Amino acid sequence: MSEVRVRFAPSPTGYLHVGNARTALFNWLFARHKQGAFVLRIEDTDVERSKTEHEAQLLEDLRWFGLDWDEGPDRPGPFGPYRQSERKELYAQHATHLIDAGHAYFCFCTAEQLEAERQEAVKAGRQPMYSGRCRQRPREESARKVAEGQPASIRLKIEGGSFAWNDLVHGLTTFSSDVIGDFILVRSDGNPAYNYAVVIDDRLMEISHVIRGDDHISNTPRQLALYQAFGWEPPQFAHLSTILGPDRARLSKRHGATSLQNFRDMGILPEALGNYLALLGWSPHDGVTEILTVADLVAQFSLDRITKSPAVFDQEKLNWMNRHYLKESPLRRLAQMAVPFLAGVGYLPIEAGASDPSGLRGGATEPLLQWLERIVDAVLKNLDRLDQLPEAARLIFEYDARRTADEVMTPDDRAASADVLAAFIPPVLAEPGLTYTRFREIAKGVQKQTGKKGRELFHPIRVAVTGAVSGPELEKLIPIFEEGAKLSLAPPIKSTARRLREFAEAAKLF
RNA sequence: GGCGCUAUCGUCUAGGGGUUAGGACGUGAGAUUCUCAAUCUCAAAACCCGGGUUCGAUUCCCGGUAGCGCUACCA
């Protein structure tokens, strides 16, 4: 068993937390770095939380994140099945084995009894721990009660002085066995408890390294007790620190975006999220490099460079990293990703049940995609994430001449720039197909005529044409207006000339 | 309460018995551009506290404090 085998074992709750995503990522990086196997196991024995329909969503989230697995529910391997719900027979067999060997016993205590004992212990200031009342019952008696149909859970006998392991992140970690009660292996309804199922699964799947959140540190001695009872060699453990919110409390839904789906909806690129998460609790050897490709991460990853301390999730830094990857991304990819964001605010015509995967009426045609590339190229520098695209591109899709003339352009501005506008607008209106080159020539003419240049010249033009005091370069915007107008979209894109005509009218210029 | 884990700029981190304690995000200033942004340059900003060990501790040890976790027939 020298081969490295790691696993990620999520519950399909329909919500994959970034903390879990980071755990999955670290497992995956370690497996790929060691050229071992990455196993995906679904922990779906808890029917309350697990919904089978959520499993597909989970796999989809993981794939979007860029992870793949060698074995899993959709990729059968030699250690299947990979859903806990399909492994109940295995858990039952091993529990029987433990009882026969005298390491486990049936417990007939009711929930009420246990709760009462617990309350008492707390009141008396003692450690609330199972008393072990059913431990001494003769095996024959227990067997008889079970045969009679009395509900029973199965508990493990905890013995021995202490449990210790050499944690790959934290180093030597020790627990006294005094603080661990005889815990439940199999619940009275026949379902295995987490600490039991996880040991059976990890052992049977020949997992070599268990990499998981540090909220499991206190569970580890229990699991060690099980390995001991079975006479099994335990795997290596590595416990990852918690991800916290800005208030230093464990990152949760009330902090805002915390699921993979949330980040996807924000227009965060998977490679940006992966790079960011990899740096949350891990750093490369040089201690300087921050931008790392997946290949870099796989090549450099090592468990001994993982931080022990918890980390506060910083959306600002994620945004920065996303901006970096956005700029590196091919325009075509971004144009395609832009469609749902623009369609979502009504800038592009969507159609329910459209045959095209983009969901657009008429489909995402080549001319449309080329035009979207221009838009993305123009506004990219202003974006942290794609969900800011509608706002950044608004001046392309919306132009209100009335508002521009009355509000955006102040009376002072208008008075000061009357000569520029008077010289600029007529030649543009007379131009059939405006290009940026032509626009430049006209602007030059205005400069000669009015003697104004730079900001004095371009600001009034910008405002009149875009309806905004700031935005992308006119060099990029003019072609977008012109090309957009030709696309006959619904709602339509107004050409430069049309904008100026409306503006002149609203401002009563001529 | 008990047990456990953690502690370097606001945040993510590098480092390590002697360093000008390094990088990044964010922040501030400047440069540049028709504007915003982007970009570039510069700046401010940290070793939790108290004991020990040592010639010397931010680094090693102990204690305190704080934060977090576990203490379930949740996972």
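Modeller: Happy to! In this predicted model, Gln35 sits in the loop that links helix H1 (18–33) to strand S2 (37–40). Its phi is near 55°, a positive value in a residue that is not glycine. For background, most residues other than glycine have a negative phi. Gln35 counts as exposed because it has 9 C-beta neighbours inside 10 Å, and the cut-off for exposed is 12 or fewer.

You will find Glu206 in the loop between helix H6 (194–204) and strand S8 (209–213). With 14 C-beta neighbours inside 10 Å, Glu206 is classed as partly exposed.

There is a backbone feature of another kind at Pro491, which is joined to Ala490 by a cis peptide bond with omega of about -5°. As a rule, most peptide bonds are trans. Pro491 lies in the loop between helix H20 (474–486) and helix H21 (496–506).

The largest nonpolar core has 126 residues, and Leu25, Ala338 and Ile375 have the most contacts inside it. Helix H1 gives the most to this core, with nine residues. Leaving aside residues up to four places away in sequence, Ile375 touches Ala393, Ile396 and Ile480. In soluble globular proteins, nonpolar side chains tend to be buried together.

How values were computed:
Residues numbered from 1 in each chain as written. Chains lettered and ligands numbered in written order. Predicted model: local features only at pLDDT ≥ 70, side-chain atom pairs only at ≥ 80, totals over all residues. Helix = DSSP H or I, 4+ residues; strand = E, 2+ residues; numbered from the N terminus. Buried ≥ 20, exposed ≤ 12 C-beta atoms within 10 Å, placed from the backbone. Core = buried A, V, L, I, M, F, W, Y, C linked by C-beta atoms within 7 Å. Contact = placed C-beta atoms within 7 Å.
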